[in-house]
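Here is a walk through one protein chain, taken step by step. Keep the sequence and the 3D view open as you read.

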Amino acid sequence: MSRLLIVHHTASPTLQELFTAVRDGATTDEVEGVEVVTRAALRATAVDVFEADGVVLGTPANIGYMSGALKHFFDTVYYPCLEETRRMPYGLYVHGNNDTTGAVRAVESIAAGLGWERVVRPVTVTGPPGKDDLAACWELGATLAATISPT
């Protein structure tokens, strides 16, 4: 069985909605053979990453950057995972009140340094999420799960 790790910093009701949509997509009955594991960014470890076949990252955009919690995750796992997780498929969702550009750029830069491979474009949401935003998050989760599915 493959394992999809969702590392998230869910600091608001809006981010909870996005996280729930991603998780629902990742656990859809349409994709078989994938175990979904969720970890808060401050609790996720290198072992979690080593045991995963793909990763979804979720963060708010804080002052033009990813959350401190997600940055802490990267600081914790970067060197231990640098060689072992190259070509890891990943996806990203970001929520901001008015802009997500800096947060997306920062996460993509670190993921590129790790040698991770982005599977789909990041889902970026500013303001309250609409129906299309939630559908995009669902698709993000489903796509990552399908990418690592053994079937």
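Start with a pair of charged side chains. Glu35 forms a salt bridge with Arg3, and their closest N and O atoms are 3.1 Å apart. This bridge links distant parts of the chain. Glu35 sits in strand E2, while Arg3 sits in strand E1, which covers residues 2-8. The two residues are 32 residues apart. Keep in mind that this is a predicted model.

Why can two such side chains pair at all? Side chains of opposite charge can do so when their charged atoms come close.

How open to the outside are the two partners? Glu35 has a relative accessible area of 32%, so it is partly exposed. Arg3 is at 22% relative accessibility and also counts as partly exposed.

Arg3 forms a salt bridge with Glu51, with the closest N and O atoms 2.9 Å apart. Arg3 belongs to strand E1, and Glu51 to the loop between helix H2 (46-50) and E3, so this pair ties together parts that are 48 residues apart in sequence. Glu51 is at 44% relative accessibility and therefore counts as partly exposed.

Asp75 forms a salt bridge with Lys71, and here the closest N and O atoms are 2.6 Å apart. Both residues lie in helix H3. They are four residues apart, about one turn of the helix. Lys71 counts as partly exposed, because its relative accessibility is 25%.

In total, the structure holds six salt bridges.

Stay with Lys71 for a moment. Its C-alpha atom and that of Thr59 are separated by 9.6 Å. Along the chain, Lys71 and Thr59 are twelve residues apart.

Step back to the whole chain. The secondary structure comes to five helices and seven strands. From the N terminus on, the elements run β-α-β-α-β-β-α-β-α-β-β-α. How compact is the chain? Its radius of gyration is 14 Å, close to the 15 Å that the globule rule gives for 151 residues, so the chain is as compact as a globular protein of that length. Taken along the principal axes, the C-alpha atoms fill a box of roughly 40 × 35 × 25 Å. Of the 151 residues, 50% count as buried.

Gly91 is one of the buried residues, because its relative accessibility is 0%. Gly91 has its place in strand E5. Compare its position with that of Gly113. The C-alpha atoms of Gly91 and Gly113 are separated by 15 Å. The two glycines are 22 residues apart along the chain.

Next, turn to the backbone in two loops. Ile63 is not a glycine, yet it has a positive phi of about 50°. Find Ile63 in the loop between strand E3 (54-62) and strand E4 (65-66). Is Ile63 buried or exposed? Ile63 is exposed, because its relative accessible area is 90%.

Arg87 also has a positive phi, near 70°, in a residue other than glycine. Arg87 lies in the loop between helix H3 (68-81) and strand E5 (89-96). At 60% relative accessibility, Arg87 counts as exposed, because the cut-off for exposed is over 50%.

Which residues form a negative surface patch? They are Asp29, Glu30, Glu32 and Glu139. Take Glu30 as an example. Glu30 has its place in the loop between helix H1 (13-26) and strand E2 (34-40). With a relative accessible area of 67%, Glu30 is exposed. A patch residue must have over 30% relative accessible area, so Glu30 passes that cut-off.

One last look back ties the tour together. Glu35 in turn bridges to Arg3, and Arg3 bridges to Glu51.

Methods
Residues are numbered from 1 along each chain as its sequence is written. This is a predicted model: local features need pLDDT of at least 70, side-chain atom pairs count only at pLDDT 80 or more; totals for chains, interfaces and linings use all residues. Side-chain values use heavy atoms; hydrogens and water are left out. Patches are made of residues with over 30% relative accessible area and no salt bridge: like charges are joined within 9 Å, nonpolar side chains (Val, Leu, Ile, Met, Phe, Trp, Tyr) within 5 Å. Accessible areas come from the Shrake-Rupley method with a 1.4 Å probe; for residues, only the protein chains shown count as cover. A salt bridge is a side-chain nitrogen of Lys or Arg within 4 Å of a carboxyl oxygen of Asp or Glu. Lys and Arg count as positive and Asp and Glu as negative; His and the chain ends are not counted. The place of a charge is taken as NZ of Lys, CZ of Arg, CG of Asp or CD of Glu. Buried means under 20% relative accessible area, exposed over 50%, partly exposed in between (1.4 Å probe, protein chains only). The radius of gyration is taken over C-alpha atoms; the globule rule is 2.2 Å times the number of residues to the power 0.38.
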